[in-house]
Amino acid sequence: MTATADGTTKGTPLYMSPEQASGKAIDFRTDLWSLGAVLYEMLAGGPPYRGETQLQVMRAIVDGDPPRLRDARPGLPAEIDAIVSQALQKDPAKRYQSAAEMGNDLSAALTALEAPAGRVGLRAVYIVPAVVLILLAAGISVWFYQRSEKRHWAREQMPEIVRLTNQKKPLAAYRLLQEAQKYLPGDPQVAQIAEGLTHAVSVRSSPPGASVEIKDYLSPGDAWFPLGTTPLDHVKIPNGYLRWRVSKAGVGEYIDAPEFEEMHGYIPKFSFALDAGVKATEGMAAVPATKYFGVIWSLGDLGPFDLPAFSIDRFEVTNRQYQEFIDKGGYQKREYWKENFFATGRN
């Protein structure tokens, strides 16, 4: 972040309202404040609040007062100064209470600037403010209508996000939340939901450089959602059971649904043996060697155990398939027993 010649800071949110900068609840009046800040800068040639750092600017927005517009632009009509001053009130209740109200005052100021009787000389002096007001008066209704509609839509999605979460579709809830965040930045309710909906993980693969994608476990028909290319550090994922697809050109594709939570909380690291999965027998899934630690209520702690790599059926056996196995001799066939069996005293 670097300071510009006029004392402002590049990348600083100059149009963040006082309530948004201080983390309070916001509504449509925060947009009216932002529009007032834009109008101030267009007329004065600089933003209403300045600072060398983002924190300084935000502190000024919350606690300070901007220079009077007429001090920065001497001779500016009082009507325009009053419009900007009201739009920039720190207390939302003292601002304009609707876009239409602000638009009416802008139109009245524009009419005063264009009045021919006794004010011909003013039209040349205030040609720039007049053009600004024309553009604002023409576009303010459309802009605020669209903005208001989007904010209204975003707020309506909060119950749907909760419903999807309760239905164990965390990724669908997370993606809807991402859309809502675009229109409600800094909203406390959205921030609270986001905090409880996601956690950060690191993802590794062998070999590295693999694409990682996820989808809700209960929605196998959904499109895959990309997370990035391994290695991944501190990437946000939704809290819940997910399907994972790890793939790399020239190596292959590996699909898994690993556990995401343990007794100590969410699992922070995932590792996928893509090369081992590709080499697995057809119809089987390769399980890499791992260290196991578990708890059974009646037995207490189990492990830790160093489990070797093994393969397991990719899909469950159906009742019909199991019955066919039994009908064909099943467990009576000694070739199925890979270990010594001592139940009858015979090997």
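**Exercise 1.** Does Y322 count as buried, partly exposed or exposed, and why?

*Solution.* The model is a predicted one, in which local features need pLDDT of at least 70, side-chain atom pairs count only at pLDDT 80 or more, and totals for chains, interfaces and linings use all residues. Residues are numbered from 1 along each chain as its sequence is written, and side-chain values use heavy atoms, without hydrogens and water.

Step 1. Buried means under 20% relative accessible area, exposed over 50%, and partly exposed in between (1.4 Å probe, protein chains only).

Step 2. Y322 counts as partly exposed because its relative accessibility is 41%.

**Exercise 2.** Locate Y322 in the secondary structure.

*Solution.* Step 1. Helices (H or I, at least four residues) and strands (E, at least two) are DSSP runs, numbered from the N terminus.

Step 2. The protein has 12 helices and 13 strands; Y322 belongs to helix α12, residues 319-327.

**Exercise 3.** State how much of the protein is buried.

*Solution.* Of its 347 residues, 35% count as buried.

**Exercise 4.** Identify where confidence is lowest and highest.

*Solution.* Step 1. pLDDT is the predictor's confidence in each residue, from 0 to 100. The protein averages 79, and 81% of the residues score at least 70.

Step 2. The lowest mean, 46, is found in helix α7 (residues 120-125), and the highest, 96, in strand β2 (residues 211-216).

Step 3. Over residues 1-13 the pLDDT is below 50, yet this stretch has 27 contacts (heavy atoms within 4.5 Å) beyond near neighbours in sequence. Residues 117-125 also stay under 50, with 3 contacts beyond four places in sequence.
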